Amino acid sequence: MRIHVLGSAAGGGFPQWNCNCTNCDGVRKGRIRTSARTQSSIAASGDGESWVLFNASPDVLQQIRSFPALQPARALRDTAIAAIVLIDAQIDHTTGLYMLREHRKPWPVWCTPGVREDLSVGNPIFGVLAHYAGVDWRALPLDDRFSIDGAPGLAFEALSLTSNAPPYSPHRDKPQPGDNIGVTLVDATSGKRVFYAPGLGEMEAHVWTAMQRADCVLVDGTLWTDDEMIRLGASSKTSRAMGHLPQSGPGGMLEWLEKLPRTTRKVLIHINNTNPILDEDSPQRAELSARGIEVAFDGMEIAL
């Protein structure tokens with residue numbers, strides 16, 4: 001199983017276009033040691049030829065250009081993307097569907113019924129795409145293993161996360177099962193497992209079980225502290241209120257990752273532009289290194 005990180009930042013990317021926080025200003029002016037990042041998305045393959053795209057970010061065209069395996073050039077119109085899996089209905093995970101409208105046939109899009117509703121009513125992307133390639137919706141099952149046509153060598157297991165639906169969703173601030181999911185990717189031959197959850201707001205028993213069973217966890221790294229956005233004056237909401245478990249503090253992501261076996265590969269993804277871990281010389285980044293926790297970057301490869 002091979003996973004390629006196409007984008008590792010949270011919504012807005014890094015640097016964010018209108019942000020002048022220490023990180024964004026620092027990367028623009030070369031004052032900090034870091035690298036720019038596009039918005040969160042990964043691609044996964046079991047054979048190195050056919051790929052499943054997880055989330056279609058607004059940066060998807062740039063991400064495809066940066067990863068030639070997704071454009072094998074076998075025909076006049078071609079792609080190695082066999083299907084698209086949507087973790088949620090957030091703008092930063094779905095806008096890229098517009099950019100993929102020239103596909104020659106309807107896209108197999110796997111998502112829960114709740115996400116389908118949000119993308120049909122609240123933010124009707126699916127309706128707009130019906131005028132172009134269209135969407136071949138596949139109901140993504142929860143708590144049951146499934147396979148995806150055109151993705152040999154891989155199996156998938158999805159579970160519901162307690163997080164928050166988009167502002168345009170009728171479920172906003174009223175979480176419903178399937179608004180946000182985590183997915184375990186399984187190598188059908190070796191049995192190796194990767195747990196992927198870029199939006200993880202609460203550590204529930206079934207989520208912790210999935211993480212403990214995984215050989216690699218690729219999980220929410222949005223904010224370092226719960227009040228990060230409030231302290232900076234960028235938002236009035238805490239990390240948890242936005243549906244993201246902060247890394248530090250009691251019950252934070254670092255505490256949970258510390259409990260995993262030392263053999264488990266631990267990677268943070270979906271990193272907000274304000275998060276100090278983006279600065280490779282920051283004390284927060286040093287703490288992650290000391291704990292054996294990696295920070296995802298665009299182009300990162302994970303092979304199991």
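Author: Before we start, contact here means heavy atoms within 4.5 Å. This is a predicted model, so local features need pLDDT of at least 70 and side-chain atom pairs count only at pLDDT 80 or more, while totals for chains, interfaces and linings use all residues. Residues are numbered from 1 along each chain as its sequence is written, and side-chain values use heavy atoms, with hydrogens and water left out.

Reader: OK, A69 then. What is A69 in contact with, leaving aside neighbours within four places in sequence?

Author: W51 and A80. A69 sits in the loop between α2 (60–66) and β4 (81–85); helices (H or I, at least four residues) and strands (E, at least two) are DSSP runs, numbered from the N terminus.

Reader: And how far apart are A69 and E49?

Author: They are 20 residues apart in sequence and 7.3 Å apart in space, C-alpha to C-alpha.

Reader: Switching to N23. Where does N23 lie?

Author: In helix α1 (residues 22–29). N23 is buried, at 5% relative accessible area.

Reader: Which backbone oxygens does its side chain reach?

Author: The N23 side chain reaches the backbone oxygen of N273 at 3.0 Å, and that of N275 at 2.8 Å. Beyond four places in sequence, the contacts of N23 include F14, I32, P276 and L278.

Reader: Now α5. Which residues are buried there?

Author: In α5 (residues 113–122), those are G114, V115, D118 and L119. They cover an arc of only 135 degrees around the axis, which puts them on the same side of α5; the arc is that of the directions from the helix axis to the C-beta atoms.

Reader: Why would residues three or four places apart point the same way?

Author: An α-helix has 3.6 residues a turn, so residues at that spacing point the same way.

Reader: What do the buried residues of α5 pack against?

Author: α3 (91–94), β5 (107–111) and α6 (125–129). The face turned away from the buried side carries the exposed residues P113 and V121.

Reader: Last one: which residues touch the most other members in the largest nonpolar core?

Author: F195, M203, M211 and L257, out of 32 residues. A nonpolar core is a set of buried Ala, Val, Leu, Ile, Met, Phe, Trp, Tyr and Cys residues joined through side-chain atoms within 4.5 Å. A second, separate core of 30 residues includes V5, Y196, C216 and L218.

Terms used
Buried means under 20% relative accessible area, exposed over 50%, partly exposed in between (1.4 Å probe, protein chains only). A polar contact is a pair of N or O atoms within 3.5 Å; within protein, one must be able to donate a hydrogen and the other to accept it, and residues adjacent in sequence count only if both atoms are side-chain atoms.
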